[in-house]
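Please open the model in a viewer and follow the stops below in order. Each stop names a selection and then describes what is found there.

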Amino acid sequence: MNRQLFISILFGLVFAQQANAESMSVDLTPTIEYPVEQLEPVQKTLLSELLNSVTQLGDRKAACESERAITEEQLRSLNITSQQRGIVLSYFYIHQKRECEAEEYGEFARLVAANLAVQKQSGVLRFVNALNTVSSSVYFDYVETELEFNQLPESVRNRTYQAEFFTASV
C-alpha cells in the first residue's frame, strides 16, 4: 500500500473573508499529496513544525482582529479628505495587525526558510512557497500602504499619530 501524506491547510477558515452573512464562503483549501516515505526524518519534522506554525499564525490572526470600531465622528475630527481617510484607515489597520502577529509570523518565516533549505521534493517546495505567499501577503500590502501613508501631507500624518483611537493598544 502506497502511503500518502495528505496535507490540507484550512485557508478557508484562516484567510478567507465573507462580505456578509448571506455570502457564500469560498474554499481556498489546497490539498498537496506526496509520499511520506520519500521524506527524511528532518524534513518530516520541519514540515510538521511549519504546519503547526501556520495554525498558530492563523489563530493569532483571528485573535488580532480588533473589535474596536472607529466612528465617523472620530474620523471627522481629523479634518482630512475621504481619500486620505481611506489611506489612514488602511495604514493603521495593517500596522496594528502586523505588530500583533509579529511573534508568530517571525516563527513562521523562520520555518519557511528552514524548509526551503532542507526540502528536496518539488511538491513540498511548491507547497512551502504557497504557504509563504498566502501568509505573507498582508506584509506586502503593508509596504504599499505605508508608502501611500507617507506620501500624505505631514500635517495629516501628525494628526493621525496623535489620535488616541488609532494609537490605543489592541
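Predicted model: local features only at pLDDT ≥ 70, side-chain atom pairs only at ≥ 80, totals over all residues.

**The whole chain**

Begin with the chain coloured by secondary structure. From one end of the sequence to the other, the order of elements is β-α-β-α-α-α-α-α-α-α. The protein chain has 170 residues, of which 35% count as buried. If contacts between residues at least 6 apart in sequence are considered, 79% of them join residues at least 24 apart.

**Helices α2 and α6**

Next, select residues 41-64, which form helix α2, together with residues 122-150, which form helix α6. How closely do the axes of α2 and α6 come, and at what angle do they cross? The two axes come within 12 Å and cross at roughly 20°. An angle under 35 degrees counts as roughly parallel, and α2 and α6 are therefore roughly parallel to each other. Their crossing is left-handed.

Now display the side chains between these two helices. On the α2 side, the residues in contact are L47, L50, L51, V54, L57 and K61. Their partners in α6 are V124, F127, V128, L131, S135 and V138. By class, this contact of α2 with α6 comprises 10 nonpolar residues, one polar and one charged.

**Helices α4 and α6**

The axes of α4 and α6 come within 9 Å and cross at roughly 140°. The pair is therefore oblique, and α4 passes α6 in a left-handed crossing.

From α4, the contact involves I87, V88, S90, Y91, F92, I94, H95, K97 and R98. From α6, it involves V138, Y139, D141, Y142, T145, E146, E148 and F149. Nine of the residues in the contact of α4 with α6 are nonpolar, three are polar and five are charged.

**I87**

Within helix α4, centre the view on I87. Is I87 buried or exposed? Buried means under 20% relative accessible area; I87 counts as buried because its relative accessibility is 14%. Leaving aside residues up to four places away in sequence, I87 touches T145, E148, F149 and L152. A distance can also be drawn from I87 to L147: the two are 60 residues apart in sequence, and their C-alpha atoms are 9.9 Å apart in space.

**The largest nonpolar core**

With residues up to four places away in sequence not counted, V88 touches I80, F149, L152, V156, T160 and F166.

Which residues touch the most other members of the largest nonpolar core? In this core of 33 residues, they are L47, L50, V88, F108 and F166. At least two residues of the core come from each of α2, α4 (82-100), α5 (102-118), α6 and α8 (164-167). The greatest contribution is that of α6, with eight residues.

**F165**

Finish in helix α8 by selecting F165. F165 has a relative accessible area of 15% and is therefore buried. To complete the tour, draw a distance from F165 to L75: these residues are 90 apart in sequence, whereas their C-alpha atoms are 9.4 Å apart in space.

Key. Residues numbered from 1 in each chain as written. Heavy atoms only, no water. Axes fitted to C-alpha atoms, helices over the stretch in contact; angles between N-to-C directions. Helix = DSSP H or I, 4+ residues; strand = E, 2+ residues; numbered from the N terminus. Parallel < 35°, antiparallel > 145°, perpendicular 65-115°, else oblique. Left-handed = near helix turned anticlockwise from the far one by under 90°. Contact = heavy atoms within 4.5 Å. Nonpolar A, V, L, I, M, F, W, Y, C, P; charged D, E, K, R; others polar. Core = buried A, V, L, I, M, F, W, Y, C linked by side-chain atoms within 4.5 Å. Buried < 20%, exposed > 50% of the residue type's maximum accessible area, 1.4 Å probe, protein only.
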